[in-house]
Amino acid sequence: MTDPIADYLTRLRNAIKSKHKVVDIPASNIKKEITKVLYDKGFIRSYKFEDSAVQGNIKIALKYNNVTKQSAIIKLERVSKPGLRKYSPASDLPRVLNGLGIAILSTSQGVLTDKEARVNNIGGEVLCYVY
C-alpha cells in the first residue's frame with residue numbers, strides 16, 4: 001500500500017456512505033493520532049485500539065444525527081499525497097469552510113488541527129480536510 005492515510009480516509013468515507021455504525025481499519029501510529037483528533041473534535045462517536053501480534057486494528061463507531069440520519073462527517077479530503085507533499089508555514093495555515101471544518105496537520109509536536117497549530121505558532125504537512 002503506497003498511501004495508508006488515503007486508505008484510512010477511503011474506508012471511513014465508504015462506511016459513511018453505506019450507513020455502517022462501526023468500521024475496522026488496520027492500525028498505524030499516524031492513523032491512531034488522526035482518530036484521536038476526529039474523536040476530540042466530535043466527528044466520531046468512539047474508537048477502540050485492538051492490538052494483535054502483527055499490526056492491530058482501529059474500531060471506529062461513526063456518529064450520525066438521530067433525526068436526519070446524516071453523518072457528522074460530510075466530507076473527507078486528502079491534501080498531501082505521497083507524490084506531492086503539501087506543507088504550510090504557521091503564518092499561512094488553511095481554514096476549512098471559514099473555520100467550521102478542520103485541517104489535520106502533521107507537525108513536529110504531533111498530529112494537530114489547524115486551530116491548535118495556529119495557537120502554538122507551528123506549521124507542518126497538511127494531511128487532510130474534514131467537515
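A nonpolar core is taken here as a set of buried Ala, Val, Leu, Ile, Met, Phe, Trp, Tyr and Cys residues joined through side-chain atoms within 4.5 Å, where buried means under 20% relative accessible area, exposed over 50%, and partly exposed in between (1.4 Å probe, protein chains only). The structure is a predicted model, in which local features need pLDDT of at least 70 and side-chain atom pairs count only at pLDDT 80 or more, while totals for chains, interfaces and linings use all residues. Residues are numbered from 1 along each chain as its sequence is written, and side-chain values use heavy atoms, with hydrogens and water left out.

The largest nonpolar core has 26 residues, and those with the most contacts inside it are Leu-12, Leu-38, Ile-60, Ile-104 and Val-130. At least two residues of this core come from each of α1 (4-17), β1 (22-26), α2 (29-40), β3 (57-62), β6 (102-107) and β8 (124-130), with helices (H or I, at least four residues) and strands (E, at least two) being DSSP runs numbered from the N terminus. The element that gives the most to this core is α1, with six residues. Leu-38 touches Tyr-8, Leu-12, Phe-43, Ile-44, Ile-104 and Val-130, not counting residues up to four places away in sequence; contact means heavy atoms within 4.5 Å. A second, separate core of seven residues includes Val-79, Leu-105, Leu-112 and Ile-122.

The protein chain as a whole contains three helices and eight strands, and from the N terminus on its elements run α-β-α-β-β-β-β-β-β-α-β. Buried residues make up 41% of its 131 residues. Among contacts between residues at least 6 apart in sequence, 59% join residues at least 24 apart.

Strands of a sheet pair through backbone hydrogen bonds, either parallel or antiparallel. In this model, three strands form an open sheet in the order β1-β3-β2, with antiparallel pairing; two strands are said to pair if DSSP finds at least two bridges between them. Because β1 and β2 (44-50) stand at the edges, each with a single partner strand, one side of each is left without a neighbour in the sheet. The twist averages 20° from one strand to the next. β1 and β3 run antiparallel and are joined by five bridges, and the bridge partner of Val-23 in β3 is Ile-60. α1 packs on the sheet, touching β1 and β3, and its direction makes about 165° with that of β1; axes are lines fitted to C-alpha atoms, for helices over the stretch in contact, and angles run from 0 to 180 degrees between N-to-C directions. α2 lies across β1, β2 and β3, running at about 155° to β2.

Elsewhere in the chain, β6 and strand β7 (residues 110-113) pair in the antiparallel sense over four bridges, and a hairpin joins β6 to β7 through two residues. The bridge partner of Thr-107 in β7 is Gly-110.

Asp-3 is found in the segment before α1 and counts as buried because its relative accessible area is 14%; Asp-3 touches Arg-78 and Pro-82, not counting residues up to four places away in sequence. Lys-81 lies in the loop between β4 (76-78) and β5 (87-88), and counts as partly exposed because its relative accessibility is 43%. The C-alpha atoms of Lys-81 and Leu-105, which are 24 residues apart along the chain, are separated by 13 Å.
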